Every structure is written in structure tokens, then in C-alpha cells.
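Q: I'm new to this one. Can you walk me through the structure piece by piece?

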Amino acid sequence: MDIINFITKPHNTFEMVVYILVIIILTTILLRLITFIMKHLNKKEDLDMTTPYIIRDLLQYTIYFIALLLILDIVGIDIRGILLSVGIISIIIGFAAKDIISNFMSGLFVVTDKSIKVGDEIVVDNIQGTVTNITFRKITLQSSDNVIVTIPNSILSTKVYKNNTNELPVVLTLIIYLKLNIDIEKYEKRIIEECEKLDFVNTKHKNKMNIIEINDLGIKSKLYIGVKNQKNIERNRVIIGNISRKILNEMDT
């Protein structure tokens, strides 16, 4: 017996409902599995997530499309006949296909040319931010003030954009207050040595500390530490802050 024909041709309403529920459950499981794998991959800081995001996007659309076709076939709807009879295909091609194809092709060029990757800092159409996601339709940017911006891929083919990743290093800054009895040079040497032991710190960057102000209350300084990428920068700032606090407690005793 043809298993596909058996599944898609229920003999009664009960079987129809069961088959549709099975398809929905399997679709949900597959989509959650893809999400779980992506979260696992995203934890690896050195992994370029551009290609995995594109693959995820393609798989999700494929799963949705197959699930929809199976459900329509189960309920006995000939989707091709309906679309042709009411002329919906012509409407879709005339009004939507241009943008869809443009975004798709632009996204394909972004992936193959590798001109933009997840984690890059770019400026496009006067919008600057870090690329957090790339799909066949759009790219997602996160600005320095944590605003999420989505840009259709077709914009990349019509607007001039700038990739600052190779020009501007990612620098983590931290304001640190020192007591007047703390030796500034010794503290600077220790904090930089400890920071450069961390795996997310860029040791090739000229890590340093500048003094902003000295008054009767203490010393206000600013630490500049190069990091490998923008990812988890706020969490990394907390880690360095805790290291600084530990060093200051030791030097203050």
C-alpha cells in the first residue's frame, strides 16, 4: 500500500482530524528542534552564524510549505485549481513576486559573497548596528542603544552600505572609581593582565586605562578593553567589573 496515499486520503472525518493533528505536531516538533539546534550553535562565540541562520530560514519555509500542502490534500482541496480559477496567481506575481524575488536574490548574494556576516557592524541607509540575524528576506540589526531594526535585503542592492567590522575594533568600556590610596599604575597593570586571560578579550588590541578625574573623593578612570565581537558584551562587562572589584579589594587591604 502507498503510505503517502494512505495518510493523505482519510476514509472519514475522524481520520482526517487525526492526520491533520499529526502533521501539526510533527511540524511543531521539527521547528522546535531547529530552534534548539540554533540556540546551541549560537552559544559558540567563534562560530559564524550567517550560514546556519540561512539554512534555518530555508528549512522553516520548506516545512511550512509541505505541511500546508499535506493538510490541503487531506481535506480534499485542490489548491492549484482554486488559484487558477480566481486568478490569484496573476495577482501574486504582479504585486508581490518582484519584492520577494528581489529580497531572495539579494539575500543569496549576501551569503555567497560573504560581504556581510552575523556579528558585523554595518551602516546602511543612515542606520548603524550589529548584524544579529540574516535570512533570505531581511537582515536584523541591533543598534548601540539596543534598538532592533529589520532591513529588507533588496535595500542592500539599491543603497550603499558600509561594513565597519574590519575598520573599527569592538571595544568594551568600563568606568572605574579608585580610592586615593590605590597605586594607579599597579592597578592598571593587574586589571589588563587579568582581562587578557579571558577568552573573549582581543589581546592584539591596545588595552588601556585613562584617568578622567582626580579629586578629594577619589580617582575616576575609564578602562578600554578590546573584545573579539559584540556578542554578550554586557555580560562580559559584568565579568570584568567583578574582576576589577576583586583586585581593588586586594589592593585596599
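A: Start with strands E1 (residues 121-124) and E2 (residues 127-134), which run antiparallel and are joined by four bridges. Helices (H or I, at least four residues) and strands (E, at least two) are DSSP runs, numbered from the N terminus. Two strands pair if DSSP finds at least two bridges between them.

Q: Before we go on, where does the model come from?
A: This is a predicted model, in which local features need pLDDT of at least 70 and side-chain atom pairs count only at pLDDT 80 or more, while totals for chains, interfaces and linings use all residues. Residues are numbered from 1 along each chain as its sequence is written, and side-chain values use heavy atoms, with hydrogens and water left out.

Q: Back to E1 and E2. What is the bridge partner of Glu-121 in E2?
A: Thr-130.

Q: How many residues are between the strands of that hairpin?
A: Two residues lie between E1 and E2, and Asp-125 in this hairpin takes a positive phi near 55°.

Q: Which strand is joined to E2 by four bridges besides that?
A: Strand E3 (residues 138-142), and E2 and E3 run antiparallel. Across that pair, Val-131 stands opposite Leu-141, and Asn-133 stands opposite Thr-140.

Q: In what order do the strands of the sheet come?
A: The order is E4-E3-E2-E1-E5, five strands in an open sheet with antiparallel pairing. Strand E4 (148-152) and strand E5 (161-163) are at the edges with a single partner strand each, so one side of each has no neighbour in the sheet. On average, neighbouring strands here are turned by 40° against each other, direction ignored; the axes are lines fitted to C-alpha atoms, for helices over the stretch in contact, and angles run from 0 to 180 degrees between N-to-C directions.

Q: Thr-140 came up. Is it buried or exposed?
A: Thr-140 is buried, at a relative accessible area of 9%. Buried means under 20% relative accessible area, exposed over 50%, and partly exposed in between (1.4 Å probe, protein chains only). Thr-140 is found in strand E3. Leaving aside neighbours within four places in sequence, Thr-140 is in contact (heavy atoms within 4.5 Å) with residues including Thr-130, Asn-133, Ile-148 and Thr-150.

Q: And what about Thr-150, which strand is it in?
A: Thr-150 is in strand E4. Thr-150 is partly exposed, with a relative accessible area of 48%. Not counting residues up to four places away in sequence, Thr-150 touches Lys-138, Ile-139 and Thr-140. The C-alpha atoms of Thr-150 and Lys-138 are separated by 6.5 Å, with the two residues 12 apart along the chain.

Q: Now helices. How many residues does H9 have?
A: Helix H9 (residues 233-251) has 19 residues, and from first C-alpha to last it reaches 27 Å, close to the 27 Å expected at 1.5 Å a residue. The expected span is 1.5 Å times one less than the number of residues.

Q: Which residues of H9 are buried?
A: Among them are Ile-233, Asn-236, Arg-237, Ile-240 and Met-251.

Q: What do the buried ones pack against?
A: Strand E6 (170-178), helix H8 (184-195) and strand E8 (218-227).

Q: Which residues of H8 are buried?
A: Tyr-187, Ile-191, Ile-192 and Cys-195. They cover an arc of only 120° around the axis, so they are on the same side of H8. Glu-185, Lys-186 and Lys-189 are exposed on the other side of H8. What covers the buried residues of H8 includes E6, strand E7 (208-215), E8 and H9.

Q: How many residues are in the largest nonpolar core?
A: There are 24, of which Ile-176, Leu-178, Tyr-187, Ile-191, Leu-223 and Ile-240 touch the most other members. A nonpolar core is a set of buried Ala, Val, Leu, Ile, Met, Phe, Trp, Tyr and Cys residues joined through side-chain atoms within 4.5 Å. E6, H8, E8 and H9 are the elements that give two or more residues to this core. The largest share, six residues, comes from H9. Another core, of nine residues, lies apart from it and has Ile-122, Val-131, Ile-134 and Ile-139 among its members.

Definitions and conventions
Arc of directions from axis to C-beta.
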